[in-house]
Amino acid sequence: MSTAAPEAVAGARTGLAGALVVPATIFVAIGLLGPIAILFRYSLNQFIPGQFMVDGLTIENYVKFFTDPYYINVLVRTVRVAVICTLACLIMGFPLAYVIARTQSRFKNLLVMLIVLPLFVGNAVRAAGWMTVFGNRGAFNASLMGLGLIDQPIEIMFTETAVLIGIIAVNLPFMVLTLQSVIEGIPRNVEEAAFSLGAGPSAMFRRVLWPLALPGILAGTILTFILAMNAYATPVLLGGPKFQMMGPLVYGQFAQQNNWPFGGAISFILMTATILLTVAAHLIVQRRYR
Amino acid sequence: MSTPRTSFGRMALNGAAGLSLGFILLPLIFVTWLAFFRQEIPSFPPEGYSLKWFSAVPGNKNFVEGFVLSLQVGVLATLIGLLLGVPASLALVRHRIALGPAVNTLLLLPLVMPGIVLGTSLYVFQIETEIATGLPLLGSLAGLVAAHTLVVVPWVVRLVTASLQGSDRSIEEAAQNLGAGPLTTFWRITLPSIRPGIVAAGLFGFVTSFGNLEMSLFLVGPGRITLPIAILQYLEWKIDPTVAAASVIQIVLIGAAMIITDRYVKLSRVV
Amino acid sequence: MARLSIEHLNKKYGDLTVVDDVTIDIADGEFLVLLGPSGCGKTTTLRMVAGFVPPSAGKLTIGTRDVTTLPPWKRNCGLVFQSYALFPHMTVAENVAFGLEMRKVSPADRGPRVAEALRLVQLAGFDERYPRQLSGGQQQRVALARALAMEPDVLLLDEPLSNLDAKLRQEVRVEIRDLQRKLGLTTIMVTHDQEEALTMADRLVVMEKGQVRQIGTQRELYEKPADRFVAGFIGRSAFLDGEIAAPGRFRTKGGLDIACGAATATGAATLALRPERIAVADEAAGCANRFEAKVEHASYLGALLDIHVSLSEHDRMLLQIPNRQGAAEPKPGETITIGWGQDAGLVYPRED
C-alpha cells in the first residue's frame, strides 16, 4: 500500500553504516584478494631446482602445464569427473529436494538434519565410509561374493568409479539443500494450476517446475561443480596416488616439490577453468531458457 | 483424488528420493558400523562386535591434539566472524551504502572460492607477511584463525542478511514510534528478532571451520594439525576401527550440536 | 492531545513527486481520515507525520511544537501499523509497556497504565500471552493499546482494519471510534475503504496523485464534490460528457440539451449525476430534464436496482431505483422515461 520506497530511517547516518560494514569488507578484501594477487605474482616467478624460487616475469609455468600431456590429462580428467558428478547430483538431488520441499510431515526437520549432518561431518570421514564399502573384503564385494554372484572381488578402490561415487555423495547434500529452498519458494498452487489445465506430471515438470526452479538449479549446479573441480580428500583417499586430479596436484607441488611458482600456476589454472566453465554453463542455460 | 497412475508416480518419486537419501547417509552408516567391529581389518561380515576402539581414540595423540586445535580455531573464528559479519549485514540490509551490492558479493566470495585456491594463496600471503613483518604467521594459531574467519564471514553475512530481510521492518519503526532511539531499537528489537539467524550463522560458521580440510592443509604447521587433517593422514595410511571410532565421536558431537541448535532455530528454515 | 497542522508538505523521490503541497489542519480531538486510491500519497503523508519519511519541504506542528525535523522517537505520535508490528518476542504486557519504559516511567507505575490500556481495548487478562497466541483481531487491539498507553499527542492509524475479516471490521470500527471520542484523541487514519472512511471520520481528506482534492465532511463531499474525481470516488456518479453551450445549458456529445443551474463557464465539460437522484417513469413528471431512455442492462441488488440506460448513441448512464414492493423491474430493451431537476447535476471542466 505504501507508495514510499524503503528508506533509511530518519536519523540513520551513513557514517554509522560505514563503520559497520568497513571492518568486514577490509578483512575479506585483504584476506582474499591480496593473497590471490600474490599467488598470481608467484606463478610468474621461476623455479630453479636447488635454488628454490627466483624472482622473474615469465609465463613458462603456464607453458609447462599446457605442453605436458600429463598435466593436460589431469585437467581433462578433473573436468570430466566434475561434469559427471554435477549431472548425477542434479538428477539424484531433484526428487529428494522436491519431496522435502513439499512434505507436510512432521519429520521434515529430521530429513533436513539427516542431509546437513553428512555435510558437517567432513569429506575425510565420508571417504572412510566408502573405503569400508569398496575394499576387496569390504561390504560391497563381501555381499556379492556371499550371494555367489562373483568369485573374485571387483576392483573398485582406487578407480575413477570410486572417486565419482565419493564426490557425488559429498556434493549431493549441497545440491539438495539449494534446490529445496528454491522449490519451497514456488507456490504449490502453480503446480495445481498446471494440472487443472490438463498438464500431466511430466509436462508440469517441464513447463512449470523446471523453469521456475531454474535459478536454484543453476546455483546448485555451480556450487557442486566448483566443489567437484576442487575435490581433494575424496580423490586422494578413494583414487589413490595414481589417480591424479587438480586439487592433489596443486598440493603436491607445494608440499612435496616445493615448486611454488608452478603450484601457483596450476592453482590459477584450476580457478580460471572453474570460473570459465561456470560462466559458460550459465550462458548456455540463459540462452536456452530466457 | 489420487488415481492409480498418480499414486504410482508418487511412489516412484518417493523411491527416488529415498535412494538419494540413502546414498548420502551410506558412508556414515558404514563408518559407524566399522567402529564397533571386533577385528581390526575392515572385512565383512564382521567377526564380532566390541567397544574397545573407542577407548583407543584418546590414546592417539594426533586425534586428541587435532580435536583441541579444531575446537580452538572453530570457536575463535566463529566469534570473530560474528563480530565482523553481523554489523556488516546490518549495514547492508538496513542502510543504503555506496557499492552495497559489490560489498555483498565480496563478502560472500570466500564461500565459492575453492579451498585449494584459498589455501595456496593464503599460504603465499602468510609467507610474504612473515617476510615483511617478521611475525611467525604460517603454522601459527593466529594464522589459522584468520584464515578460518575468512570462510566463516560469508556464512554469517548470508544467514544474518536473510534473517534481517525476513524480519518485519515495521517492528523497528513501531519501537521508534514508541520512543526508542536507534541503539535501544537495535538491542531490544532488532537483535532479538534476528537471533535465530545469528545462532544458525554461529553453527554453520563453526562447523565450516571445524570440518575445513583443503584450506587448512596448507596452513598447518609441524605438530599443529586439525582433526580433519589428522583423520585424512591416518586414512592415507590405513583404515581401521580406530579411525572409524574417532569419526563416530565427531559425528555424534556434530549431531548433538545440530539438535541443540535446532531447539532455537529450525534448520529446515535456515539452510 | 493537541491540534496538528500540516503545512505545504512535499515529498519527492528524485523527479517523482509523491506528496504535493499538502496542507491540512486537524483540530484537537478531531478524527480525520485520509482517503484515496492506492499510490495517492496518503500513507506517505502519514509516515511523514510519524517521522519515518523526511519531508522534502513543508512544516509539521503538533500543538505548539514544530516536529518537522524531529526523529520518530521524539514525536509522541502513537502509530498503529497495518501489520500491527507487535514485538514477537515480548508478551502483550511487555509490548504495551514498551512505550512507557522508553519514557522512563517507573516499573511500579507502568503496571496500572498497562492494565488500563488493555482494559480499554477489552483485553484485560491477556498480559502474559505472546502475540502469536492471539487472533488477528486481538493483535489489532494490542497494537492499539500499545499506542494508547504512551498517551500520544496524536494517534495515527495506517489501514488498521485491512487485515481483519469483514464482520470483525465493522465491530472494530465502532469500538475505535468510541474510544477515540472518549479519550478525545486527535486522530489521523489512512484507508482506501470508502465505507470505513465515511462511518468513522469527523472530516475526510480525499487525495489523489499526491494532492489533496477536497477536505470536508461526508455530506460536503457527497453533495458538493469539488471535482470530477471526488464525484466519482465518493459514492457513485453517472457522467455525461459534452460542453456548456450557454449559461445554464449543457449539451451532451449525443446532442441532448440539459438544463443545469450552476454551469456558467463555457467549454468542454462533464455533467455528474448521482444515480439515486434520477427519477423514473411517473416520478419523472415535472422534472426540468426528461428523456426517453433505453434499458441496456439491469442488476438486482436487493434493496436497489442498478439500471444501465442509453439516452442516445453517445450518452450512457447509470441509475439506481429503490426496489419497492410491486414496482415493475425494467427489462433490457424496454424504453423508460427518466428525469432530474436542474440542480441535480453538477458540471465540471473536462479532465483529459
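The unreviewed UniProt entry annotates "transmembrane region" at residues 20–44, 79–99, 111–134, 154–179, 212–240 and 260–285 of chain A. Such UniProt positions are given in the numbering used here, feature names are shortened, and annotations may be inferred rather than shown by experiment. The model is predicted: local features need pLDDT of at least 70, side-chain atom pairs count only at pLDDT 80 or more, and totals for chains, interfaces and linings use all residues. Residues are numbered from 1 along each chain as its sequence is written, chains are lettered from A and ligands numbered from 1 in the order in which they are written, and side-chain values use heavy atoms, with hydrogens and water left out.

Residues 79–99 of chain A are 100% helix and 0% strand, with end C-alpha atoms 30 Å apart. Residues 260–285 of chain A are also 100% helix and 0% strand. Their end C-alpha atoms lie 37 Å apart. Helices (H or I, at least four residues) and strands (E, at least two) are DSSP runs, numbered from the N terminus.

Chain B has 13 helices and zero strands. Its C-alpha trace spans about 75 × 70 × 30 Å along the principal axes. Here the unreviewed UniProt entry puts "transmembrane region" at residues 12–36, 67–93, 105–125, 137–157, 198–221 and 241–260 of chain B. Residues 12–36 of chain B are 96% helix and 0% strand, and the end C-alpha atoms are 35 Å apart.

How do chains A and B meet? In contact (heavy atoms within 4.5 Å) are 83 residues of chain A and 79 residues of chain B. The size of an interface is often given as the accessible area lost when the parts come together. Between chain A and chain B the buried area is about 7,400 Å². That is the accessible area (1.4 Å probe) lost by two parts on being put together, summed over both. Carbon and sulfur atoms give 80% of the area buried between chain A and chain B. The largest share of chain A's side, 21 residues, comes from helix α1 (residues 14–43) of chain A. By class, the side of chain A that touches chain B has 63 nonpolar, 14 polar and six charged residues. Nonpolar here means Ala, Val, Leu, Ile, Met, Phe, Trp, Tyr, Cys and Pro; Asp, Glu, Lys and Arg are charged; the others, Gly among them, are polar.

How many salt bridges cross the interface of chain A and chain B? The rule finds zero, taking a side-chain nitrogen of Lys or Arg within 4 Å of a carboxyl oxygen of Asp or Glu.

UniProt places "domain: ABC transporter" (unreviewed entry) at residues 4–234 of chain C. This span of chain C is 37% helix and 26% strand. One open sheet of chain C has four strands in the order β2-β1-β4-β5, with antiparallel pairing. Two strands pair if DSSP finds at least two bridges between them. The edge strands are β2 (16–26) and β5 (65–66) of chain C. Strand β4 (residues 57–62) of chain C joins β5(C) over two bridges. T61(C) stands opposite D66(C) in β5(C).

Another open sheet of chain C has five strands, ordered β15-β19-β16-β17-β18, and its pairing is antiparallel. Its edge strands are β15 (279–280) and β18 (316–322) of chain C. Seven bridges join β17 (residues 304–310) of chain C to β18(C). I307(C) stands opposite L319(C) in β18(C).
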